[in-house]
Amino acid sequence: MNRNAFSSDADMDDAQPDSVNSFQIWPQGSTGQDEARHTLKATLAPLGTQLLGFPGSVRSDGQPPVSRLQSRPDLAAPIPESRIPFLNATAGVYISLSNENAKDRQSQEPHGSFGKFGEDARMGDAQAPDVSRSAREASGRYQQELQSYSQRADIGQQEKETFGDMAKVWRLCNILHIQNQNDNAVGEELVQWLNDSYPIQPREVSDLTETVLASRQPAFWPLLNKALLRSSTKHAYPLLDKLASDHPAIKDITETIKNLMGERPRFKANDRYHQTWAEWHGKADTYSRERGLQPRVADRALLQPLLEAFGILAGNASVIEGASGQWEEYVVGMILYLHPNFRTSDLPELMEKARGKFGEDTATNRAVAAIFESKFDALMPALTYGEWWLAAHLVDVLNKLRLVDDSVIVGEVPGSRGTESFLESCVFTYAGQLCAHPSLWRIGFEYYLRCPRVGRAALTATIPHIPITSDFQIRKLLAFCNFNNLRDDAFTIHRAVALNRYQNGRVGEAIVHYCLAEEHQKVAAIVEGIMDQFVVQGDLTWRDIASTLSPDVLRSNDRLIFMTHYNRFHSLYEQTDYAGAAKLLVEIFTSHTAPKRYWLTLLYNVSDLLESPQSSIGMEATYELMRCLEEIVTSHRKDDYLGLEAQRFDVKAKDRKGKGKVTGKRKEPERDGGRAGKEQIENVEQEIQVIRLGLVRNLARAMTL
Amino acid sequence: MLQGQHLFERREHDQIGKVSKVRWGPTPVHQSSLILATGTYNGLKSSISISQVLLDPQSANPLDISHAAAIPVKGDVTDLRWVPGAGPLTLISATSSGIIDIHSVAAIADRGKRETIHVEPLNQFTTQGGEGVGISALAVQPHAASNPWIASVGVDASISFQTAEGKEVQKRMENVEAIQITGLEWRTSNEIAIATSAGHIRQIDARSRSKGLPLSSHEQKHRVPLNCITVHPTQPDKLATGAENGELQIWDVRNLSDPELTILPAHDGNVWDVRFHPTSANDIATCSEDGTVCVMQWREPTSSVVDTYKPIRRFRDKNHPLGINSVDIHSEKDVLVAAGDLGCTLMTRLSRWGRSDGGVVIGEGAA
């Protein structure tokens, strides 16, 4: 097949390593690989005709991917069961936040200033929730859920790492942008973030403290510097104690470092802090100079590293730069020891200097860097290479805080059509993942609902594919459709259920569901079917149905109205209320609710009533009945109209011959009356003569009375 | 509509999937611990889970939930019942695949006096003549000296009666309704009551062959599809049903030809479950697709009083905006539990909240 048949993600983002330049169509059943040996995945855009391909997360040669977050995650990858409570919990937060946002938008819509409506709307303004505050609360909750899930003992290592990375990105964003609405100093929180996100392993410290003359180990001073840069007394103190025990002569120096670390003033926006900071900084600065330290360190080999240690505490930029093993340490060290009142808004400037130290180009690193640099246009594409959960929720919160204008970035998300916003694309893709899961489709629906451009269409495409597992689930689906005004989708469900019920012999339920699907022709056909069974075989199923269906359903279709009236006639007849029964029967004729194929059956009922002295059918009514009788008898469709009764004769004849015994399954009456034999039609015509005579006699009686 | 809103004290995301039923075990394990059964509706991934709920020994407020056992089932869990009585704890579940499972649940104390829950399968059978015909609801015969009957309703509107120990169906009634039966409860030790999607209820004597007569409101506007039914714990003539339009309906069926119906507007969406308070039986708890649990106080209607109910409390959880499918109140500890589509269990102790004369309490609950 032709290469270059489709454009790839790499076309959109040339900067990605291991980019895929072209896709190929492989034979059915084989797995494709690009030159970089990625497994290629493709997704059919649910609402379009295009196929969008992208590199999968796992290399098909069985090797681990170059980087965990390097390539986009496999959209079809199964969601681990352990993750479900997390996804449910965060979905609750997301839905709640978007509901508040919707309320807020409603309250901001222009409204009239007169009358009660205006008053209500103003009240709405006063009560409108503060969406920014809600978004911050939600962000805190997301972070809590991420951290608590990533620390669970019962999840796999890869899951732990994936969620650890997401927690890292979210928390950083929280510290620098989401919670920091007044641009406060963030040094202490960043230190905490650094220590939690890239922790010093206790083993690294214990390995050194258990060796003799640890300071001569190559790892000792870099680790001590790392602990100092992070202001981590937990790790620095044991190393300093070990240093003092190996070199008792410099114990006072190590104690000084410990004291300086312990006494480091935490930033407060007041004059006293600045004074304390200046004093503390001066002290550290004194020791960081060679002349200050040299007289107290006899061992020349220790002087230089100790000078570096004091240099870090004194905020010496070049020392901090040299000592930091990763750029995040550099940034945090600079903030802690050089610019303690550093604010988020100052970060881009500092990041310029840190740029040269950026590490491996993973999606997480790109996201972290973008957050530090406040470059949301770089953050958002980076997020799409991670879990879709992170992309959908983080962009949503940033969007609600008006930190990003997501409308400018489109087309970065597999499956997106390029017409929706970036946020919508992320939410849409995430919703698609959820809807493919048997436990999560319900929350997937909620995410789709929040995709204004393509969500409802996606729901329409998805709802028919949700496997129906129980009646309760059907009711839940219908409740969702009705609440969200998804009328056509509700109809689709009703139609499917109706067909299922009809096939299982649950005619009453089938009628209800077809009525609710507004399938009036099908309702008419089913009603006629069961009425035909009554006429031909005497089956009374229709009476059960007519007596139990709710009035709303019964009123929704002409055939049902006829069935209801006819059922009422039978009830009156059973109660020997012949006058009432006769009156109702005449009404059925005059109101034209009965199909003509049942007129003859009704006229049989009339003739039964004519025998009763209590039933008084007046002159006009008798005329009308006679007219009806002649109308079907003289019609060119006479055989159709007489057909049902003719079939009854046929069944009777077969019963007499023993061929018409009930065999367990109902025999559907012939829909085409013409199929009834000529002999049976003639029998019916003879009976018609009896009805006619009865009507004439009644007319004469009515004229006399 | 109720104005006051309370928050649940506890929210635990402990279920794998959407919860269809939640039921308290009949007796507390001990003074500070209860047993809770939940069932999910996730198709092939559905399960029943048994949990132990620890209560604060001082206040009896729910403190923590520890997951004790998960039992995978075939099909959605459509109903869960504990067998009443003083015997060993027995849980009966029904599924959409037509299978009834019976489990014994026991709390066993170890040497450290910590109690662990043990679950053992006792019996499994189908009531509808084989797998495939799902069960919509089941109920366990009350006041039975031993071996109570289990009544179950199939999606084909048949009703079966059999004992927990036996495999054979003792009695079966076919095509009881032309439409769907959505709820089932034993009204007395011999009579069951069913609710239907056509808006009527029906009482059926388990001893007779008659299907009984449908009972419905004379007012057509109150003939709305019903989703659930429950029976007053001390007055079997009083039934409560939850409707598709959010109404809670109280039926007085002493006059079968003209049952009295009290309508309480409880919710804005489908009422999925309704329970009378086991000890303070004029309080009725309902849960709904609107994401709230409502506890209403109902009193006997009198000729002069139109308003026959007092709204008491509405509970919601800000972070559980989806439908709540099941609710239950523990008879001794007064703890209300609810669960729904987000798979989490929501709990609060009812007596923690006061009542005001006006019937509406507006206050802030603890998160």
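This is a predicted model: local features need pLDDT of at least 70, side-chain atom pairs count only at pLDDT 80 or more; totals for chains, interfaces and linings use all residues.
Residues are numbered from 1 along each chain as its sequence is written, chains are lettered from A and ligands numbered from 1 in the order in which they are written, and side-chain values use heavy atoms, with hydrogens and water left out.

In chain A, the axes of helix 9 (residues 233-246) and helix 10 (residues 251-263) come within 9 Å and cross at roughly 170 degrees, the axes being lines fitted to C-alpha atoms over the stretch in contact, with angles from 0 to 180 degrees between N-to-C directions. Helix 9 and helix 10 of chain A are therefore roughly antiparallel (over 145 degrees). Contacts (heavy atoms within 4.5 Å) involve residues including Y237(A) and L240(A) of helix 9, and I257(A) and M261(A) of helix 10. Helices (H or I, at least four residues) and strands (E, at least two) are DSSP runs, numbered from the N terminus.

Chain B holds an open sheet of 4 strands, ordered 11-12-13-14 with antiparallel pairing (at least two DSSP bridges between two strands). Strand 11 (135-140) and strand 14 (171-173) of chain B are the edge strands, each pairing on one side only. Strand 11 of chain B is joined by 5 bridges to the antiparallel strand 12 (residues 149-154) of chain B, in which G154(B) stands opposite I135(B).

Note on methods: Angles under 35 degrees count as roughly parallel, over 145 as roughly antiparallel, 65 to 115 as roughly perpendicular and the rest as oblique.
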